[in-house]
Amino acid sequence: MPPAPSSRPEPGDIPIETAIDRYLDSLSSDGSRTTMRPPLRAFAHHAREQGIDRVGGLEPATLREYGLTLRNRHTDGELQASTANTYFKYVRAFLSFCVRDE
């Protein structure tokens with residue numbers, strides 16, 4: 001008899017936005033969720049612009065390019081350096097969650 005189909009998608013096949021929601025739901029602080037949501041959505045948008053919509057499509061180059069985008073936003077005067085670094089840390093924490101969550 002074949003195994004029962006799993007209700008959970010295969011690792012890597014989860015949409016980035018869904019993974020972001022899962023990550024935010026895992027946080028215990030409403031303030032953290034509120035603060036982190038916009039930068040994480042911006043990262044998802046950045047990934048979509050590169051043709052990546054699933055967690056499994058994310059690569060180190062995706063994060064490097066996002067880091068360069070943040071640097072450019074700082075250079076253009078749109079973000080303070082500390083804010084750009086904080087946004088990068090939020091994305092890094094999200095990606096670490098993805099690795100742990102498979």
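Tutor: H2 and H4 are among what covers the buried residues of H1. Keep in mind as we go that this is a predicted model.

Student: Okay, which residues of H1 are buried, and what arc do they cover around the axis?

Tutor: The buried ones are Ile16, Ala19, Ile20, Tyr23 and Leu24. They sit on the same side of H1, because around the axis they cover an arc of only 135°.

Student: Let's zoom in on Phe43. Which residues does Phe43 touch, leaving out those up to four places away in sequence?

Tutor: Leaving out residues up to four places away in sequence, Phe43 touches Leu58, Thr62, Leu63, Tyr66, Val91, Phe94 and Leu95.

Student: How do H2 and H3 pack, and what is the handedness of their crossing?

Tutor: Their axes are 10 Å apart, and the packing angle is about 115°. As for handedness, the crossing of H2 and H3 is right-handed.

Student: Which residues make that contact, and how do they split by class?

Tutor: From H2 you get Pro39, Ala42, Phe43, His46 and Ala47, while H3 brings Thr62, Leu63, Glu65, Tyr66 and Thr69. By class, that contact has six nonpolar, three polar and one charged residues.

Student: Is His74 buried, partly exposed or exposed?

Tutor: His74 belongs to helix H3. Buried would need under 20% relative accessible area and exposed over 50%. His74 has 34% relative accessibility, so the call is partly exposed.

Student: Which residues does His74 touch, not counting those up to four places away, and how far apart in space are His74 and Ala84?

Tutor: With residues up to four places away set aside, His74 touches Leu79, Gln80 and Ala81. His74 and Ala84 are ten residues apart in sequence, and their C-alpha to C-alpha distance is 6.9 Å.

Student: Last one: how far apart in space are Asp101 and Arg22?

Tutor: Asp101 is in helix H4, and its relative accessible area of 23% makes it partly exposed. Asp101 and Arg22 are 79 residues apart in sequence, yet C-alpha to C-alpha the distance is 9.5 Å.

Terms used:
Residues are numbered from 1 along each chain as its sequence is written. This is a predicted model: local features need pLDDT of at least 70, side-chain atom pairs count only at pLDDT 80 or more; totals for chains, interfaces and linings use all residues. Side-chain values use heavy atoms; hydrogens and water are left out. Contact means heavy atoms within 4.5 Å. Helices (H or I, at least four residues) and strands (E, at least two) are DSSP runs, numbered from the N terminus. Buried means under 20% relative accessible area, exposed over 50%, partly exposed in between (1.4 Å probe, protein chains only). Axes are lines fitted to C-alpha atoms, for helices over the stretch in contact, and angles run from 0 to 180 degrees between N-to-C directions. A crossing is left-handed if the near helix is turned anticlockwise from the far one by less than a right angle, and right-handed if clockwise. Ala, Val, Leu, Ile, Met, Phe, Trp, Tyr, Cys and Pro count as nonpolar, Asp, Glu, Lys and Arg as charged, and the others, Gly among them, as polar. The arc is that of the directions from the helix axis to the C-beta atoms.
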